[in-house]
Amino acid sequence: MNYGSKIWIFPDAECPPEGVNSIPGHESIIITNTCDCDAHITLTLFFTDKDPVQLSEVTVNARRVRCLRTNSEQDFGNYTVPISEQYAIMLESDCPVIAQYGRADPRTVAFYTTPGYNTN
């Protein structure tokens, strides 16, 4: 059985700056593909004061999970998100996936994850 949605929105994204004791902040999108076929994912970033940025397509293999660090060119494609910039993420997939957003914020020594809004 396939679970998830083809479109996910994460309206509150921000890669936090370095925190207490020089601990770096980070954020990521975690995608689980329960389908028997590979999921081809397009990510679009929305900003308060500039045009959207569409990232290079990423693949999440069939029946696998993939973590995409937003400040890593290797993970996030052709664009890395600037530290402390407020933005939103739209994930579009050619097959249903489950997605969540995670942020480690060392300014407050907090880590949290949240599912996004999906169109189901």
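Glu-85 and Lys-50 form a salt bridge, with their closest N and O atoms 3.3 Å apart; the term denotes a side-chain nitrogen of Lys or Arg within 4 Å of a carboxyl oxygen of Asp or Glu. The structure holds one salt bridge. The model is a predicted one, in which local features need pLDDT of at least 70 and side-chain atom pairs count only at pLDDT 80 or more, while totals for chains, interfaces and linings use all residues. Residues are numbered from 1 along each chain as its sequence is written, and side-chain values use heavy atoms, with hydrogens and water left out.

Helices (H or I, at least four residues) and strands (E, at least two) are DSSP runs, numbered from the N terminus. Glu-85 is buried, at a relative accessible area of 18%, whereas Lys-50 is partly exposed, at 37%. Buried means under 20% relative accessible area and exposed over 50%, with partly exposed in between (1.4 Å probe, protein chains only). The charged end of Lys-50 also sits over the ring of Phe-47, 4.5 Å from its centre; this requires NZ of Lys or CZ of Arg within 6 Å of the ring centre and within 35 degrees of the ring normal.

Of the 120 residues in the protein, 43% are buried. The accessible surface comes to about 6,500 Å², and carbon and sulfur atoms account for 50% of this area, as given by the Shrake-Rupley method with a 1.4 Å probe, where for residues only the protein chains shown count as cover. Among contacts (heavy atoms within 4.5 Å) with a separation of 6 or more, 71% join residues 24 or more positions apart.

The largest nonpolar core has 26 residues, of which Ile-31, Ile-41, Leu-43, Leu-45, Ile-89 and Leu-91 touch the most other members. At least two residues of this core come from each of strand 1 (5-13), strand 2 (26-33), strand 3 (39-47), strand 5 (58-60) and strand 7 (87-105). Strand 7 gives the most, with seven residues. Such a core is a set of buried Ala, Val, Leu, Ile, Met, Phe, Trp, Tyr and Cys residues joined through side-chain atoms within 4.5 Å. Beyond its neighbours within four places in sequence, Ile-89 is in contact with residues including Trp-8, Phe-10, Leu-43 and Tyr-101.

Two aromatic pairs are counted. In one of them, the rings of Phe-10 and Tyr-101 have centres 6.4 Å apart and planes at 35°, so the pair is tilted. Phe-10 in strand 1 and Tyr-101 in strand 7 are 91 residues apart, and both are buried. Rings of Phe, Tyr and Trp (its six-membered ring) pair if their centres lie within 6.5 Å; planes under 30 degrees apart count as stacked, over 60 as edge-to-face and the rest as tilted.

Asp-75 is placed in helix 1 and is buried, with a relative accessible area of 17%. Leaving aside neighbours within four places in sequence, Asp-75 is in contact with Val-58, Arg-66, Cys-67, Leu-68 and Arg-69. Arg-63 lies in the loop between strand 5 and strand 6 (64-69) and is exposed, with a relative accessible area of 54%. Phi of Arg-63 is near 55°, a positive value in a residue other than glycine.
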